[in-house]
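Work through the exercises below with the sequence and the model side by side. Each task is followed by a solution in steps.

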Amino acid sequence: MKYRVEQKYIITEDNIAYLKYKLENVMQYDKHVKDGMYRIRSLYFDDMYDSFLEDNEAGNDFREKYRIRTYNNEKTKIHLEIKAKELGYTSKQKEELTWQECRDIMMGIPWKLKAEDGLVKKKLYSLMMLRRMQPVQIVEYDRIPFVEEKGNVRVTFDKNIVGTSEINAFFDDILPGIPLLSTGSHILEVKYDEFLPDYIKQILNEVHLQKTAFSKYYYARKNPNIYG
């Protein structure tokens, strides 16, 4: 797995507007955006012991998240992902799922592994068998993504972050989500490999940024309005 630096910040709407204006001169929008953004919907898993939630809460050095992810609620392109964190760095592995595989997983039906299935599917399958891994949480948000080839940099603004425990709503057109942040607060994520170019760093330093360890999954699971 390839590990990357990932930094998160709480950011205001005004600062997003300012940084967008500045970054448009030095970075490109991700090629998948529509009207400047795309919508991400993630279905997170945990086991019978809530091990992954507890790892996050304890800040354990090596921890993982398992999730199914769609973009703009497209049913023809579905990813199963494992996101890992170790020594302050993050990595992500992903494999494509068919719509039927996704539905089976959501219903707790172990699908039949195929010879060509990769490690991500095999790990989830094992956890479903051994530790009753199942979907427990949906998180959705709008992402404004900038990319830069030098340093493999991604600067993203995540807005309108909501969560719900209504797992069956994953493919609904409208998600019955509860906001995870106060009005006017959003998340800025900065991800890169070996280095962050100085011209990007200088732009980001022009506004006040509040560093955070914000985990969308964790905040959704701990939200009393969702799990009251």
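Predicted model: local features only at pLDDT ≥ 70, side-chain atom pairs only at ≥ 80, totals over all residues.

Residues are numbered from 1 along each chain as its sequence is written, and side-chain values use heavy atoms, with hydrogens and water left out.

**Exercise 1. Strand S5**

Task: Find strand S5 and state how far its residues are covered.

Solution. Step 1: S5 spans residues 78-86; strands (E, at least two residues) and helices (H or I, at least four) are DSSP runs, numbered from the N terminus. Step 2: Seven of the nine residues in S5 are buried, where buried means under 20% relative accessible area, exposed over 50%, and partly exposed in between (1.4 Å probe, protein chains only).

**Exercise 2. The partners of S5**

Task: Describe how S5 pairs with S4 and with S6.

Solution. Step 1: Two strands pair if DSSP finds at least two bridges between them. Step 2: Strand S4 (residues 63-71) and S5 are antiparallel, with seven bridges; lysine 65 has lysine 83 in S5 as its bridge partner. Step 3: The hairpin of S4 and S5 has six residues between the strands, and asparagine 72 takes a positive phi near 55° there. Step 4: S5 also runs antiparallel to strand S6 (residues 89-97), joined by nine bridges, and glutamate 86 stands opposite tyrosine 89 in S6. Step 5: Two residues lie between the strands in the hairpin of S5 and S6, where leucine 87 has a positive phi near 55°.

**Exercise 3. A salt bridge between a strand and a helix**

Task: Locate the salt bridge of lysine 159 with glutamate 13 and say what it connects.

Solution. Step 1: A salt bridge is a side-chain nitrogen of Lys or Arg within 4 Å of a carboxyl oxygen of Asp or Glu. Step 2: The closest N and O atoms of lysine 159 and glutamate 13 are 2.9 Å apart. Step 3: Because lysine 159 lies in strand S8 (residues 153-164) and glutamate 13 in helix H1 (residues 13-23), the pair ties together parts that are 146 residues apart in sequence. Step 4: Lysine 159 counts as buried at 14% relative accessibility, while glutamate 13, at 34%, is partly exposed.

**Exercise 4. A network**

Task: Which residues are linked with Glu189 in a network of salt bridges?

Solution. Step 1: The structure holds 27 salt bridges. Step 2: Glu6, Lys8, Lys83, Arg143, Asp158, Lys191 and Lys216 are linked with Glu189 in the network.
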